Amino acid sequence: MVGGGSSYADDLANNVILNDPWSIALTPSGELLVGEVGTGVVRKVYSDGMVKTIAGGGSMVDGDEIPAKQARIKPWFVGQTHHGALIADQGGRIKQLCPAC
């Protein structure tokens, strides 16, 4: 379904590489969230087959409600609330990331 490709960039599901995918979850609207511990990002698989990085890869580690793509995370667990807030485990601490995903 996702992975097996040759690119870490946002692309179609069969073209991307997943680096140590540790957790998955469904959003309230049915998209798939994938927490990649190896790259420290959360990717969303959309119904049209596109995979986009929606969180992680940044350098901010302190505080909640920070812009999702500015967060530095290790997403051992991922989820999304019905309000749209993305949550991710940060080494024993749950972080809430802004819903601009």
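Strands, like helices, are DSSP runs numbered from the N terminus (helices: H or I, at least four residues; strands: E, at least two). The model is predicted: local features need pLDDT of at least 70, side-chain atom pairs count only at pLDDT 80 or more, and totals for chains, interfaces and linings use all residues. Residues are numbered from 1 along each chain as its sequence is written, and side-chain values use heavy atoms, with hydrogens and water left out.

Start with Trp76, which sits in strand E6 (residues 75–80). Trp76 counts as partly exposed because its relative accessibility is 37%; buried means under 20% relative accessible area, exposed over 50%, and partly exposed in between (1.4 Å probe, protein chains only).

Next, display the open sheet of five strands, ordered E1-E5-E4-E3-E2 with antiparallel pairing. Its edge strands, E1 and E2 (21–26), each pair on one side only. Two strands pair if DSSP finds at least two bridges between them.

Select E5 (residues 50–56), where five of the seven residues are buried. On one side, two bridges join E5 to antiparallel E1 (residues 11–12), with Asp11 opposite Val51. E4 (residues 41–45) also pairs with E5, antiparallel over five bridges; there, Arg43 has Thr53 as its bridge partner. Four residues lie between the strands of the E4 and E5 hairpin, where Gly49 takes a positive phi near 95°.

Now select the largest nonpolar core, which has 12 residues, including Leu33, Val42, Ile54, Val78 and Leu86. E5 and E7 (86–90) are the elements that give two or more residues to this core. A core is a set of buried Ala, Val, Leu, Ile, Met, Phe, Trp, Tyr and Cys residues joined through side-chain atoms within 4.5 Å.

Finish at Val78: leaving aside neighbours within four places in sequence, its contacts (heavy atoms within 4.5 Å) are Ser23, Ile24, Ala25, Leu33, Gly35, Val42 and Ile87.
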